Amino acid sequence: KEYARTFYKSAAWLHTSAAYKKSVGGLCERCSARGLIAPGVIVHHKIYLTPENISNPSIALDWSNLECLCQ
């Protein structure tokens, strides 16, 4: 989405997403929960980012709002 382009290119997001993905071993968390092994491709926000909350680090960068997923 256009409003999120700058955020997803930011150093803060690139660092956070890479560190989070590494912390879960680079695997898809949903597949792992079902006993399957699949590489994680994206770091997803559980609470979707919106123009209203994208500047809130407790939503945009907090690990509790992230999960690593395959596609």
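This is a predicted model: local features need pLDDT of at least 70, side-chain atom pairs count only at pLDDT 80 or more; totals for chains, interfaces and linings use all residues.

Residues are numbered from 1 along each chain as its sequence is written, and side-chain values use heavy atoms, with hydrogens and water left out.

Start with α2. Its 13 residues should span 18 Å at 1.5 Å a residue, and the end C-alpha atoms are 18 Å apart, which agrees. The expected span is 1.5 Å times one less than the number of residues.

Which residues of α2 are buried? They are Trp13, Thr16, Ser17 and Tyr20. These cover an arc of only 95° around the axis, which puts them on the same side of α2; the arc is taken over the directions from the helix axis to the C-beta atoms. As background, an α-helix has 3.6 residues a turn, so residues three or four places apart point the same way. On the other side of α2, Ala11, His15 and Lys22 are exposed. The cover over the buried residues of α2 includes α1 (5–9), α3, β1, α4 (57–60) and β2.

Ala19 also sits in α2, which runs over residues 11–23. Ala19 counts as partly exposed, at 27% relative accessibility. Its C-alpha atom is separated by 9.6 Å from that of Trp63, 44 residues apart along the chain. After α2 comes Gly25, with a positive phi near 75°.

Now the strands. β1 and β2 pair in the antiparallel sense over four bridges; pairing requires that DSSP finds at least two bridges between two strands. Val43 stands opposite Cys68 in β2. From β2, Leu66 and Cys68 point one way and Glu67 and Leu69 the other, and all are buried.

His44 belongs to β1, residues 42–45, and is buried at 16% relative accessibility. Leaving out residues up to four places away in sequence, His44 touches Arg30, Asn65, Leu66, Glu67 and Leu69, where contact means heavy atoms within 4.5 Å.

How many salt bridges are there? The count comes to two, taking a side-chain nitrogen of Lys or Arg within 4 Å of a carboxyl oxygen of Asp or Glu. One joins Arg5 and Glu2 at 3.0 Å, N to O, and both of these residues are exposed. In the other, Glu67 meets Arg30 with the closest N and O atoms 2.8 Å apart. Glu67 lies in strand β2 (residues 66–69) and Arg30 in helix α3 (residues 29–33), so this pair ties together parts that are 37 residues apart in sequence. Glu67 is buried, at 11%, whereas Arg30 is partly exposed, at 46%.

Last, the cysteines. With a disulfide defined as a pair of cysteine sulfur atoms within 2.5 Å, the count is zero. Cys28 is in no disulfide, the nearest cysteine sulfur being that of Cys70, 3.6 Å away. For Cys31, the closest cysteine sulfur is in Cys28 at 3.7 Å, too far for a bond. Both are buried: Cys28 has a relative accessible area of 2% and Cys31 one of 10%.

Key. Helices (H or I, at least four residues) and strands (E, at least two) are DSSP runs, numbered from the N terminus. Buried means under 20% relative accessible area, exposed over 50%, partly exposed in between (1.4 Å probe, protein chains only).
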